[in-house]
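Good morning, and thank you for coming. Please look at the sequence and the model on the screen while I take you through them.

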Amino acid sequence: MATVLDIDQSTHNDGQQLRFSSSQEKFAQSWKPNYTAQLPKVALKLSKLGTPTGNIWVTIETDNGSGYPSGTVLATSGNLDVSTLTSTPTFYDLTFASPPLLNGGITYHIVLQGDYAYGAANAVWSNNSTSL
């Protein structure tokens with residue numbers, strides 16, 4: 001049986017609104033696993049405002065050497081329909097069909113992105129914590 005990563009990451013802000021404008025198309029959180037293991041899913045604490053329609057997903061990306069995602073995608077989760085989110089911050093699983101094998105001691109990025117319309121009236125909020 002393969003080892004599976006289990007990490008908690010708490011951020012210290014009040015959350016961020018994904019796709020508020022074209023300058024907020026993606027959010028990323030970096031982390032460095034302590035050991036080599038597979039990552040079957042990412043659980044994000046999300047909520048919505050209004051009635052957005054479309055999808056969100058996450059990619060796991062390598063680091064560009066300067067602390068930012070490189071654009072090199074190691075895995076992409078399945079889509080999560082944003083219309084199913086609630087207005088109360090809740091953890092939602094984003095699962096990888098092919099879980100990536102991540103190396104201990106290497107920096108990776110969880111990158112949240114979506115395809116729903118830009119704007120403040122129908123929004124998805126990334127709230128305070130990420131669980132792997």
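Which backbone oxygen lies 3.5 Å from a polar atom of the side chain of His109? The backbone oxygen of Tyr68 does.

First, some conventions. This is a predicted model, in which local features need pLDDT of at least 70 and side-chain atom pairs count only at pLDDT 80 or more, while totals for chains, interfaces and linings use all residues. Residues are numbered from 1 along each chain as its sequence is written, and side-chain values use heavy atoms, with hydrogens and water left out.

The term pLDDT is the predictor's confidence in each residue, from 0 to 100. For the protein chain its average is 82, and 77% of the residues score at least 70. Over residues 1-6, the pLDDT is below 50. That stretch has 19 contacts in the model beyond near neighbours in sequence, a contact being heavy atoms within 4.5 Å. Where pLDDT is low, the predicted coordinates should not be read in detail.

Now the overall architecture. The protein chain has 12 strands and 0 helices. Both kinds of element are DSSP runs numbered from the N terminus: helices are H or I runs of at least four residues, and strands are E runs of at least two. Among contacts with a separation of 6 or more, 80% are between residues 24 or more positions apart. The accessible surface of the chain is about 6900 Å², and carbon and sulfur atoms account for 49% of it; such areas come from the Shrake-Rupley method with a 1.4 Å probe, and for residues only the protein chains shown count as cover.

How much of the chain is buried? Buried residues make up 38% of the 132 residues. Here, buried means under 20% relative accessible area, exposed means over 50%, and partly exposed is in between, with a 1.4 Å probe and protein chains only.

Let us turn to the interior. In soluble globular proteins, nonpolar side chains tend to be buried together. The largest nonpolar core in this model has 22 residues, and those touching the most other members are Val42, Leu46, Ile56, Val58 and Ile60. A nonpolar core is a set of buried Ala, Val, Leu, Ile, Met, Phe, Trp, Tyr and Cys residues joined through side-chain atoms within 4.5 Å. Two or more residues come from each of S3, strand S5 (41-49), strand S6 (55-63), strand S9 (90-95) and S11.

The structure also holds 1 aromatic pair. The ring centres of Trp31 and Tyr108 are 6.1 Å apart and their planes are at 45°, so the pair is tilted. By definition, rings of Phe, Tyr and Trp (its six-membered ring) pair if their centres lie within 6.5 Å; planes under 30 degrees apart are stacked, over 60 edge-to-face, and the rest tilted. This pair links distant parts of the chain, with Trp31 in strand S3 (residues 26-31) and Tyr108 in strand S11 (residues 108-114), 77 residues apart. Both Trp31 and Tyr108 are buried.

We now come back to His109, which is also found in strand S11. With 2% relative accessibility, His109 counts as buried. Its side chain makes a polar contact with the side chain of Asp63, at 2.6 Å. A polar contact is a pair of N or O atoms within 3.5 Å; within protein, one must be able to donate a hydrogen and the other to accept it, and residues adjacent in sequence count only if both atoms are side-chain atoms. Not counting residues up to four places away in sequence, His109 touches several others, including Trp31, Ile60, Asp63 and Tyr68.

Next, the loops. Ile106 lies in the loop between strand S10 (101-102) and S11, and at 41% relative accessibility it counts as partly exposed. Beyond residues up to four places away in sequence, Ile106 touches Trp31, Lys32 and Pro33. Thr36, in the loop between S3 and strand S4 (37-38), is partly exposed at 42%. The C-alpha atoms of Thr36 and Ile106 are separated by 9.2 Å, although these residues are 70 apart along the chain. The side chain of Thr36 reaches the backbone nitrogen of Gly104 at 3.1 Å.

Finally, is Ala123 buried or exposed? Ala123, in strand S12 (residues 123-131), counts as buried at 0% relative accessibility. Its C-alpha atom is 5.5 Å from that of Lys48, 75 residues away along the chain.
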